[in-house]
Amino acid sequence: LRLLRLLELLLQLQLRLLERRLLLRLRLLHRHVEGIKRLQPAQSGLRVHGRRRENLWRRRLQLVVRLQPRDRRGGGGGGSHSIGTTKRGIGPCYSAKAIRNGLRFGDLLHFDEFERRLRELIAWSQKRFGDPREKDTPQQSELRKALREYNTQYAFDPEHGAKGGVADIEAEIARYRKYSELLRAQIVDSVTLIHEDISRGYKVLVEGANAALLDIDFGTYPFVTSSNTTIGGVCTGLGVPPQKIDTVIGVVKAYTTRVGHGPFPTELQNEMQTLEDYVEEYIGPEVSLDRKGHSSGPYTVKKGDKIRVGEMLQELGHEYGTTTGRRRRCGWLDIALVKYSALVNGFDSINITKLDVLTGLKTIRIAISYRNKQMTEVRLPRGYFPSHLEDLKEVVCEYETMEGWSEDISQCTRWEDLPTNAKKYVMRIQELLDIPVSWVGVGPERESMLRVNVPSRIGSPLPGSPFVPPLR
């Protein structure tokens, strides 16, 4: 689930501000800005048009400085279990923030101090990670040597040194000096800026980039990111108090996905597409999608085919990670998970996306509640989500089956145009969550987001379930 303060469809976004929980690699930002300069020279700097401001960088924004050999297990400081991170340096950057030796955007405005702290940070990292270790692989030994010499050209490309990086510390400092000159005019005291705009009555939208279950505190720890992705991140990330938040909208797909490792109660298909999957008859229009490099060639489905539902969701939903390109794991919609997220975040309404991906399934399942493997006759409390992975392993899902639809809904522009069974699916989600559904997405375009024009009966009693104490 992603968090929105107000739907962008309802507003003209008047302020675009990168908040402090975002981590940034300056080299990639510089490459992006230079590309904009080549294509649109007028768009490369700070622009102020009346009340509209774009691309402002917070003084408190943490910088990603990669200074330790990358852990190929994908995160974690020890042990043998991979947690499936993006391996982009997010965890180490938050570690540096927590022990208070990290660098922030505001440091670039005082470059002499920035240089001193960068040298100290590099020396600290060399001392901690640079010495050879007995269990190192040859590749790890080479990376440690590159760190001791601070030769990132060699670390990125040992044979040719042609994949970026620098040859020594002095070159690194010179590169950051260039970045500071490029960004100086765009680094602001964002707390003052955003409160000034709020006091003037400007409309501000805040969008979360990660799912609620990736929250460092409330997610499926340790299979989480390094920050708070739930509603509290709005306050601690932007420096605004809770009472300034008018509306919270939960954005959820019409099915459930997860990228990387971690528990997934409704999973149908994994990243490698090796699970048995759930088989259903396809009743929709014929679809053929090219899959470059896939061993099975294009993905094609036609009426009457027996299809693997998880694989269909992956392919027709284009479920590939934005950062890594890895195929997302897919499963049926998990109401217990969404309800837990709603409890943590306080959703005023729900925006359901990718409803069109379910087109063609003869029947669609919804996981309406959790039960314990040892007590399957009793539902777990509504909104309860196990806080420990061992407890989550004991969860089984109770499913409800609904009739699907055969019509292509990707061209619908009004809620009224949707097939009856598609509307029934959406309304059942609203009933199970006891939260209004305000928008439904049937495609990637802005026009594909349909306003739900159905009076909600939120607050009406739902079938109850006896309380069961948390699993021990």
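The model is a predicted one, and the protein in it has 12 helices and 22 strands. Buried residues account for 47% of its 472 residues.

**Overall make-up**
- Among contacts between residues at least 6 apart in sequence, 71% join residues that lie at least 24 apart.
- The protein has an accessible surface of about 24,400 Å², and 50% of that surface belongs to carbon and sulfur atoms.

**Nonpolar cores**
- The largest nonpolar core has 56 residues, of which Leu313, Leu355, Leu358, Leu418 and Tyr425 touch the most other members.
- Elements that each supply at least two residues of this core include helix 9 (309-316), helix 10, strand 18 (363-372) and helix 12 (420-433), and helix 12 gives the most, with six residues.
- Leaving aside neighbours within four places in sequence, leucine 355 is in contact with Ala254, Trp405, Ile409, Leu418, Ala422, Tyr425, Val426, Val440 and Gly441.
- A second, separate core of 16 residues includes Phe105, Leu108, Tyr176 and Tyr179.

**Helix 10**
- Nine of the 11 residues of helix 10 (residues 335-345) are buried, so this helix is largely enclosed by the rest of the structure.
- Its buried residues are Ile335, Ala336, Leu337, Val338, Lys339, Tyr340, Ser341, Ala342 and Asn345.
- At the start of helix 10, aspartate 334 places a side-chain oxygen within 3.2 Å of the backbone nitrogen of alanine 336, while just after the helix, glycine 346 takes a positive phi of about 70°.

How values were computed. Residues are numbered from 1 along each chain as its sequence is written. This is a predicted model: local features need pLDDT of at least 70, side-chain atom pairs count only at pLDDT 80 or more; totals for chains, interfaces and linings use all residues. Side-chain values use heavy atoms; hydrogens and water are left out. Buried means under 20% relative accessible area, exposed over 50%, partly exposed in between (1.4 Å probe, protein chains only). Helices (H or I, at least four residues) and strands (E, at least two) are DSSP runs, numbered from the N terminus. A polar contact is a pair of N or O atoms within 3.5 Å; within protein, one must be able to donate a hydrogen and the other to accept it, and residues adjacent in sequence count only if both atoms are side-chain atoms. Contact means heavy atoms within 4.5 Å. Accessible areas come from the Shrake-Rupley method with a 1.4 Å probe; for residues, only the protein chains shown count as cover. A nonpolar core is a set of buried Ala, Val, Leu, Ile, Met, Phe, Trp, Tyr and Cys residues joined through side-chain atoms within 4.5 Å.
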